[in-house]
Amino acid sequence: MKTFLTMILLMITSLAYTGNPEAIIDKPAPGFTLVSTKGDTISLSDFKGKTVVLEWVNYDCPFVKKHYQSGNMPSLQKKWTEAGVVWLAICSSAPGKQGHFSIEDIQKRQASHQSNPTAYLIDETGTVGKRYGAKTTPHMFIISAEGTLVYAGAIDDKPSTDPDDIAGAVNYVSDALTAVLAGKPVAVKETKAYGCSVKY
């Protein structure tokens, strides 16, 4: 039954946005400006010279719950932000759609998950998500200190909702960040993201 439900959830991703994104591996990452849950206006250009992770998020998505309720995503956020990486969680859910919450609700969920992004950004028009071609939650992007997109895709190689799969997974994001911070090329630059469709 678990396998069947996972297959159904993965099929839903085919309904995600499939336009022509501007984000291309080894090219400059598209700029953007969004407002955070703290009311700050944040632009990608604010972090010039920093490695940046973009994480598309929807707290009600079972695939996102897997990584948050297990503590996997918060621990990754903490580890890498402490290493100097900027981690931006972005929600592109439209008003009235799954994943679109009030500021108060987002803050409560962040506290309960002990999440540690640099900022949680609200993209309710979906403009930034579509520029990047974000199709699922989670969908991960890594931008080098030079402003180049060096990774796009899944968080790991286990496309399931089962937290038990995390321990044995290859974490593409950690591998890419390890390489980038060491000044080495990213071995796996692009993978197929898995999760729930972004609710544009």
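**Exercise 1. Is Phe-141 buried or exposed, and what is its relative accessible area?**

Before the solution, two remarks on the model are needed. The model is predicted, with local features requiring pLDDT of at least 70 and side-chain atom pairs counting only at pLDDT 80 or more, while totals for chains, interfaces and linings use all residues. Residues are numbered from 1 along each chain as its sequence is written, and side-chain values use heavy atoms, with hydrogens and water left out.

*Solution.* Begin with the cut-offs: a residue is buried under 20% relative accessible area, exposed over 50%, and partly exposed in between, using a 1.4 Å probe and protein chains only. Phe-141 has a relative accessible area of 2%, and therefore counts as buried.

**Exercise 2. Describe the aromatic pair that Trp-56 and Phe-141 form, and state which strands hold the two residues.**

*Solution.* A pair of aromatic rings is described by the distance of the centres and the angle of the planes. Rings of Phe, Tyr and Trp (its six-membered ring) pair if their centres lie within 6.5 Å, and planes under 30 degrees apart count as stacked, over 60 as edge-to-face and the rest as tilted. The structure holds eight aromatic pairs. In one of them, Trp-56 and Phe-141 are 5.4 Å apart from centre to centre with 75° between the planes, which is edge-to-face. Next, locate the residues, remembering that helices (H or I, at least four residues) and strands (E, at least two) are DSSP runs numbered from the N terminus. Trp-56 lies in strand E3 (residues 52–56) and Phe-141 in strand E7 (residues 139–143), so the pair ties together parts that are 85 residues apart in sequence. Trp-56 is buried as well, with a relative accessible area of 0%.

As a further step, consider Tyr-59 and Tyr-68, which form an edge-to-face pair with 5.3 Å between the centres and 85° between the planes; both of these tyrosines are buried. Finally, Trp-56 and Phe-141 belong to one aromatic cluster together with Phe-32 and Tyr-132.

**Exercise 3. Find which charged side chains lie over the faces of Phe-101 and Tyr-200.**

*Solution.* A charge sits over a ring if NZ of Lys or CZ of Arg is within 6 Å of the ring centre and within 35 degrees of the ring normal. Over the face of Phe-101 lies Arg-109, at 4.0 Å from the ring centre. Over the face of Tyr-200 lies Lys-130, at 5.3 Å from the ring centre.

**Exercise 4. Work out the surroundings of Thr-37 and Gln-110, and then describe the second largest pocket, which both residues line.**

*Solution.* Thr-37 lies in the loop between strand E1 (33–36) and strand E2 (41–43), and at 10% relative accessibility it counts as buried. Contact means heavy atoms within 4.5 Å. Not counting residues up to four places away in sequence, Thr-37 touches Ile-103, Ile-106, Gln-107, Gln-110, Tyr-120 and Ile-122. Gln-110 lies in helix H4 and counts as buried at 16% relative accessibility. Among the contacts of Gln-110, with neighbours within four places in sequence left aside, are Tyr-59, Ser-115 and Pro-117.

Now turn to the pocket. On a 1 Å grid over the protein atoms alone, a pocket is an open set of points where a 1.4 Å probe fits, with protein on both sides within 12 Å along at least five of seven lines, and lining residues have an atom within 4 Å of a point. The second largest pocket contains about 180 Å³ of space. The residues that line this pocket include Ser-36, Thr-37, Asp-40, Gln-110 and Tyr-120. Helix H4 (103–113) and strand E5 (119–122) each supply at least two residues of the lining.

**Exercise 5. Identify where Asp-26 and Gln-114 lie, and how accessible each is.**

*Solution.* Asp-26, a residue other than glycine, has a positive phi near 70°. Asp-26 is found in the loop between helix H1 (2–12) and E1, and counts as partly exposed at 43% relative accessibility. Gln-114 likewise has a positive phi, near 55°. Gln-114 lies in the loop between H4 and E5, and is exposed, with a relative accessible area of 61%.

Key
Points joined across faces, edges and corners; volume = space filled by probe spheres on them.
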